[in-house]
Amino acid sequence: MKNEKLQGRIVVQLLPQLRNLRQRGLAGWAILIGAAIVAAMAIMTVASPWIRPYDPILINVGPILSPPSAQFPLGTNHLGQDMLSRVYSGGAIMFQVAVLSVIVCLVVGVPIGLFASYLGGYTDKVASLVMDSIYAFPGLVLAIAIAAMLGPGVVNMALSIAVVYVPSYFRIIRSQVLTIKELPYVEAATIMGAKSRTTLFRYILPNVIPSIVAVATINFADAVLTSAGLTFVGLGLPVSTPDWGWDLTYGRRLLPSGAWWVIAFPGLMVVLLALGFTMMGEGLSELFNPRLQK
Amino acid sequence: MPLLDIESLVVEYHTLRANVKAVDRVSLSMEKGHTLGLVGESGCGKSTLGLSTIRLVPPPGKIASGHIVLGETDIINCSDEDIRKVRGKRVGYIFQDPMTSLNPVKRIGAHFVEMIHTHEPEVSEQDALKRGKDVLERLGILPERIDDFPHQFSGGMRQRVMIGLALALGPDLLIADEPTTSLDVIVEAQIIELLKELKKSLKLTLILITHNIGIVAETADRVAVMYAGRLAELGLTDDLFEKPMHPYTQALLNSVPNITKKGQVLSWIPGAPPDLAEPPPGCLYHPRCPHAFDRCKKEEPSLTKHNGTYVACHLYDRR
Amino acid sequence: MIMLLLTFVFLVVRVLPGDPASLHFEKQVSPEMLLDFKRRLGLDKPLIVQYFEYLVGLLRGDFGKSMQDFSPVSQQIFSAFPATLELAIFSSIIMVLVGVVLGVQASRSYNSARDHSIRVFGIASYAIPVFFLGEVVIMIFAIYFHLFPAGDRIYPGMAPTGLTIGGLHWSSGLFVLDSILEGNPTKLGVSLRYLFLPSLTLGTVLCGIFIRLTRGNMLETLQLDFVTAARARGIKETTVVYGYALRNAFLPILTMMGLQFAALLAGAVLTETTFSWPGLGRYLVDRISFRDYTAIQGVVVFFGILVAMVSLAVDIIYAYLDPRIRF
């Protein structure tokens, strides 16, 4: 029964603000368009095994470095792999890394944020100190350091990104909790004898969820960009997996020979995906976090 | 030739919900030396009307149609540079809240110098300061205070400073938008006296915008009553006060308590001003009007002239 | 806070993978060689000892030894640092300039197509991976149009020598500054040409937040009464916008610049790699490909110290400039 009430509250909190997105001006449009883009790319990636003309890993399906043509609409790369297929399937890694990093952040960051800010005192001070230190650090550099140590792989990349991003969740949750904690109806609940845990979960958490959603969406965007960055510096995955990040990295070296299509199309995909998430995140932020992060 | 001629002015605010007509086909003209009192409730459009004369309607507001002519200048269509020259030099504007209308980090002297320099760049800073001091003195403020910051003045004195700034360049027209609303009654009386005296000595043409019908009675030659963006009544002050024609004007005057009458019951106008995003059909006042009849609900009344007063009411429009 | 950072980095590099030394070697290495290797780098001592040595070393400016050739990492860091600094400075200039100008333009034409497109640009520019933009920029300006060089910092023989008084030499390492000090306009021109594309790329990617900040601040300020009153006095629009309103935004912009420094450094890593700019970022990426973990640690630590110093400086400047604290 508790779960139902919690869910009910979440739904009640989120829905009214999400209704009539079109009427919400620029923010609403941003969310809709962003979500559409993300959904389209997700579908494309999931459906790729069926819609792609060639196996993206197979080499020499076509002539090496041939420009876009009827047979290979997006051209081929230096290994003779079909770029179209690689573009269809290349998002898989990025999606995986992004989703995983968000999950880790939620599992780690949300509880820490909730408990530290609710409990206050030393817990809060220590947690804030740690989080602020990480937050102040150049994100990519830290991710590089961690990824370099952990080694290649989807999980490791996700972990590196998660570590860098947890402070953002922490901060937003903390500022929200601190505000809500002081609100009269929360005080009333405590006076009426509600246990701390109850107050935290039934009163504070549902109010914090919209902000978490907004941060998570921007987290997705950053994860996409950071994973591309990590791959770029060589901390990505083994070459065989089709990945936009890899194509971007390799495509660089092919540019001087004039093969622009190897880097251009995957690059465009990354931009679009990051853009989609960013638009969603910005729109959600405007609706849910008035003036908090800015 | 009138100094200011406003014809069929329409000012719209473009909001997400609808286009709201803050000013709906209002026509006015001002002769030189004349004083017009512009009265109405909050939100009736009188401030918007005042701001449109110097083309300062804030976005999302826009002048949609009509004509405003000041002397020989077409206010609506003239260039940005031309309108800038009008502001301050030919039209002085006094805002409601002198606290927020002055730049808090600038001294009073700097305000004067900036303004004078903008319009008369040849004037030296010394001369500009001197002129400022003269103005302050005229308004009853010690000239040495020209070096003070706005927050060092009291409300009434700040308003005098504003009046001084508005008049510094000798404009033809002075528009005072709720000049006394943020002041207490005694200071208000002083400011009104000041305005009256300036009006006489400088032969000012004055538009006094207010929701306080009382101060209009002693200062204005003519009074215009606005309701929901439209002109309800426009006539000589004495006529309007003695024999108000429009039901709204009547109600307004009735709602001012008379301290001489004993045992008076406070009267007010029932209902609320219309939502301009979805205005009622016909006469905008009809939902609150005790004399409303069928025609009022369907047809919008147009401004007609009766014995020198203009009224927009079907009661007087037997056609 | 800085201590925390340093400890954190230490933990990451030394503790995480278990043994950075063996990680360094691709092939199997005999235990004697491994031990010898470790000893030369000080990696054989117990962790606590290593930690203290690390901290003490930092105080002396010692950032460890490279795994590749046992040379002191600090040497490399300090020689590569000016390049990154120069890039950071010029990127900041572009970032703030573009951001503020566009932000002002957007606020002045509120809700218009121009406003919306500027806002979209602000968001979109951040979504582009900086190395992708870099490549595009190189393609267009360097390869297609031959307007700017495609990489590197300068060509041989053109490095400015800085100030020379008598027999004494001093150069800052910042080519633009050095060529001015040297009084050599040709070198100045060349330095700027090489600097332009990378700064443009990095600046553009990061300007979005300045657009948003300036726009928001301006919109708020421009609605204030005293702005309308100033307009009513006939004050020129440009004076109103830049003199009155922008002054308000000045302080937040400054603070934001400080906050963005970390992002600048992060972006610099990728930008330097793309443009073959010989700075710290490229050094870091280099070391990664060589699996030089001690060097990586040294560079990352240096970054951390940099960021901490900059935020301290920003705090000081802010306290000095905030009128509320002064008056």
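Chain B contains 11 helices and 12 strands. Helices (H or I, at least four residues) and strands (E, at least two) are DSSP runs, numbered from the N terminus. This is a predicted model, in which local features need pLDDT of at least 70, side-chain atom pairs count only at pLDDT 80 or more, and totals for chains, interfaces and linings use all residues. Residues are numbered from 1 along each chain as its sequence is written, while chains are lettered from A and ligands numbered from 1 in the order in which they are written.

**Chain B as a whole**

The C-alpha trace of chain B spans about 65 × 50 × 40 Å along its principal axes. A compact globule of 319 residues would have a radius of gyration near 20 Å, and the 21 Å of chain B agrees with that. The radius of gyration is taken over C-alpha atoms, and the globule rule is 2.2 Å times the number of residues to the power 0.38.

A residue is buried if 20 or more other C-beta atoms lie within 10 Å of its own, exposed if 12 or fewer, and partly exposed in between, with C-beta atoms placed from the backbone. Two residues are in contact if their C-beta atoms, placed in that way, lie within 7 Å.

In chain B, 61% of the contacts with a separation of 6 or more are between residues 24 or more positions apart. In chain C, 70% of the contacts between residues at least 6 apart in sequence join residues at least 24 apart.

**Strands of chain B**

Two strands pair if DSSP finds at least two bridges between them. An open sheet of four strands has the order β2-β1-β4-β5 in chain B, with antiparallel pairing. Strands β2 (19–30) and β5 (73–74) each have a single partner and stand at the edges, so one side of each has no neighbour in the sheet. Inside this sheet, β1 (residues 4–14) and β4 (residues 61–70) of chain B run antiparallel and are joined by eight bridges. One of the bridge pairs is I6(B) with I68(B) in β4(B).

Strand β10 (residues 230–236) of chain B is largely enclosed by the rest of the structure, because six of its seven residues are buried. Strand β9 (residues 222–227) of chain B pairs with β10(B) in the antiparallel sense over six bridges, and V223(B) stands opposite G235(B). β9(B) and β10(B) form a hairpin with two residues between them, and A228(B) in the turn has a positive phi of about 50°. β10(B) also pairs with β12 (residues 309–311) of chain B, again antiparallel, over two bridges. There, L234(B) is opposite Y310(B).

Helix α9 (residues 185–206) of chain C has 22 residues and reaches 30 Å from its first C-alpha to its last, close to the expected 32 Å. The expected span is 1.5 Å times one less than the number of residues. α9(C) bends by about 35° at F196(C), and the proline P198(C) follows within four residues. The bend is the angle between axes fitted to the seven residues ending at a residue and the seven starting there.

The contact between chains C and A takes 39 residues from chain C and 39 residues from chain A. On the side of chain C, α12(C) gives the most, with seven residues.
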